[in-house]
Amino acid sequence: MITTNFLKGIAKRKATTKPFVSRKKLKAGHFTADNLPWKSVSRPKQTGLDGDDGILELEEVEGVEVLYEETTAGRVVKFNFVGEVQQGEKRSDSPKPDALGREIPEEPFTFDGENLLPHWNKWDLHPKILKALHHRRFLEPTPIQSAALPASLEGRDVVGVAQTGSGKTLAYGLPVLHHLLNLPRASASTKRSLCALILAPTRELALQVSSHLNSIITSIEYKAENDALDEPGASTSQNPGNTTPKRPPYVSIAAVVGGMSAQKQRRLLDRGVDVLVATPGRLWDLLQNDDNLANEIRNLRFLILDEADRMIEAGHFAELENILRLTLRESRIEIISEEHNVDLSESEANEYATQKPPRDTMQTFVYSATLSKNLQQNLKKRSRPKGNKKHYKRNEKLASTLDDLLLRLDFRDPKPEVIDLSPVGGVVSTLQESKIDCPVGDKDVYLYYFLLRHSGRSLVFLSSIDGIRRLMPLVDLLNIKAFPLHSQMEQRQRLKNLDRFKSTPNSVLLATDIAARGLDIPAVDHVIHFQIPRTADTYIHRNGRTARAMRKGFSMLMIAPEERRVVKALMGNLGRNEDEIAEMSIELSMLDKLKARIQLAKKIENALHKVKKSNHDRKWMKDAAETLGVDLDSEFEIDSQDEDKPSTRIYKGRSQKMAAMKEELRLLLSQPLVARGVSTKYITSGSRPIVDDLLAGQLNENMLGLKKTEAGNELTAKRKARKTN
Ligand SMILES: Nc1ncnc2c1ncn2[C@@H]1O[C@H](COP(=O)(O)OP(=O)(O)OP(=O)(O)O)[C@@H](O)[C@H]1O
């Protein structure tokens, strides 16, 4: 039987007879036979090698020099690769064979865009994209998509600013998918080389972007599968004997983020992907030991920065800058080094000179919901080369503002298209903002009031992880369905909690600002700023988790007297006045009742905390005694049989107290909350008869006497806005 390796041997000999490309231009290197860039070869019928003849794959390789080296251990064969691996546009014009050596026919694909998607049809988008958009019921482009697509599809660079939830992912994603779909479909055996890199500041956002783009690709596949059912010989349940191999995806999209197995991500990248969505930290980790990946990044066709302003925040920038450096052309390095007056050491200069030069035709897209207003002027000011210094030093001076970052990008476009659709004051038109004034110690009660009063999905922002750790057990005891989300949680748990929040209609997510940006959670009804955001941008981004894709949304600032100044400054930054924000009206008669519940829940939580702590101390003492080989004083042990022992007595006393408090809370929670003036006995009488609400189906079962209504209907009139300069 002829083996694959044997065929590799034939192919190899054949390849070495080909003329080599000039050595000067190439990066020569030794490879093992398996590491050479083999390409699959289709087996023509005439050779008799096209049947099921036991050959798994026929491959060939070009530009390989075979060297025989005499060593003390005998003769060693070395393969010197002196050819050029074409990065970027790796798909040739002719279809490639699949894993079984069959060519993948590009089936003619049409879509009646004119009638089914007239609003998208004005651009020459690939029909498969149109089909996917139609399948997802995205019947019209959003304003940012309308504004950005023409320039992006023309090959221009784009800086896009648009409100949260306005569809920015597809604004930059569709041009990438369009480009890839216009290339022949890759076969299973060809290694895809990276076409687009999307950098996102948080793990959650990166995963969300990749799943959003993947959902477009799956929509294409879904339709294609259905179409395939009509094809004779297609694999269906009626035709189980069919062995048609599973087709490789039209576009392969992967995410590499921290908190997940780096090894798996490395393997994924080794296999090759078209689009990579990454957080800068993990990508930089992977790049440290992967020259191939670094080369792929130098040859990107698309570089995309999502939530660009967040990237410059502490902790992200060093890695981001290192990654971006790979995409800088020499001329840009000269400009930057001149502007920042830095020198490149000789070895760094040599290293740069020997690397594959970055691609000239890369498109750069930068998107965010908040960018500085004078960005456009700054972009225009991007300097041209002066003099002929070739200096650049990594991390010499880190960018501190987004404008700085943008100036350090190497836009190939001399005049990137800047699209600024950010709403005045940063507020989305479908968002209702509100505020509530309350002492800092009463925020728990006010939050509890809000959550009982207005059902729905509420995202509560706190500024510290400790705050979440304190609030979580409290809301839990009060029977509120809540999930935490913060950076000290394991990635798996973070994603699980996000999923639970998404799938539970009446629930609460207690989150730090890691959830403030980019997360697309469908139907968040309320955003509550339990603690005031530190910057105006954070306020906008937090609010952006609700009122997405033109849906209605509601946000509420909980302002303690000591936070008043911060709020004033925050609104000032947005060119607004705090008085513009309407106040939430509160049924004060309810608050005392809720306070009683909260106080009891806090007492239980304190007691639980004490029990946990003493269990922990006891365990520690026991372990320490075991390690030291000494006997623990019996006073420390709890013995349920020995009631007279002080430790047992204390333990039992605590347990009984706890059980009593829990029972008391259970009773309190089971009693309906009744507003002042409401009679539950005589529903037609009292100063607030509830019969009408009952009949109209507007009875709020959590709070009798208050109508079931949306939070946005509970606002007092705004105070007259003072004029701002
Ligand atoms: N043309 C469209 N028609 C209808 N819905 C759309 C369209 N484009 C995108 N969407 C949906 O709108 C939602 C928001 O999109 P996306 O997450 O891209 O917003 P964004 O602008 O990136 O928001 P953020 O700034 O908060 O990250 C998503 O659920 C997406 O599926």
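**Exercise 1. Determine how strand β14 and strand β17 pair, and over how many bridges.**

Solution. Strand β14 (residues 458–461) runs parallel to β17, and four bridges join the two. Strands here are DSSP runs of E with at least two residues, helices are runs of H or I with at least four residues, and both are numbered from the N terminus. Two strands pair if DSSP finds at least two bridges between them.

The model is predicted: local features need pLDDT of at least 70, side-chain atom pairs count only at pLDDT 80 or more, and totals for chains, interfaces and linings use all residues. Residues are numbered from 1 along each chain as its sequence is written.

**Exercise 2. Are the residues on the two faces of strand β17 buried or exposed?**

Solution. A residue is buried if 20 or more other C-beta atoms, placed from the backbone, lie within 10 Å of its own, exposed if 12 or fewer, and partly exposed in between. In a regular strand, side chains alternate between the two faces of the sheet. In β17 (residues 526–529), His-526 and Ile-528 are on one side, Val-527 and His-529 are on the other, and all four are buried.

**Exercise 3. Identify the residues with the most contacts inside the largest nonpolar core, and list what Val-275 touches.**

Solution. A nonpolar core is a set of buried Ala, Val, Leu, Ile, Met, Phe, Trp, Tyr and Cys residues joined through C-beta atoms within 7 Å. The largest one has 127 residues, and the most contacts inside it belong to Leu-197, Val-275, Val-277, Ala-278, Ile-304 and Val-460. Two residues are in contact if their C-beta atoms, placed from the backbone, lie within 7 Å. Leaving out residues up to four places away in sequence, Val-275 touches Val-176, Cys-195, Ala-196, Ile-198, Leu-213, Val-251 and Ile-253.

**Exercise 4. Describe the surroundings of Ser-146.**

Solution. Ser-146 belongs to helix α4 (residues 143–153). Ser-146 is partly exposed because 18 other C-beta atoms lie within 10 Å. Ala-171 is 25 residues away from Ser-146 in sequence, yet their C-alpha atoms are 8.0 Å apart.

**Exercise 5. State how many residues surround the ligand, and which are the closest.**

Solution. A residue counts as near if its C-beta atom, placed from the backbone, lies within 6 Å of the molecule. The ligand is surrounded by 19 residues, and the closest are Thr-164, Gly-167, Lys-168, Thr-169 and Ala-549. Helix α5 (residues 168–181) supplies the largest share of this shell, three residues.
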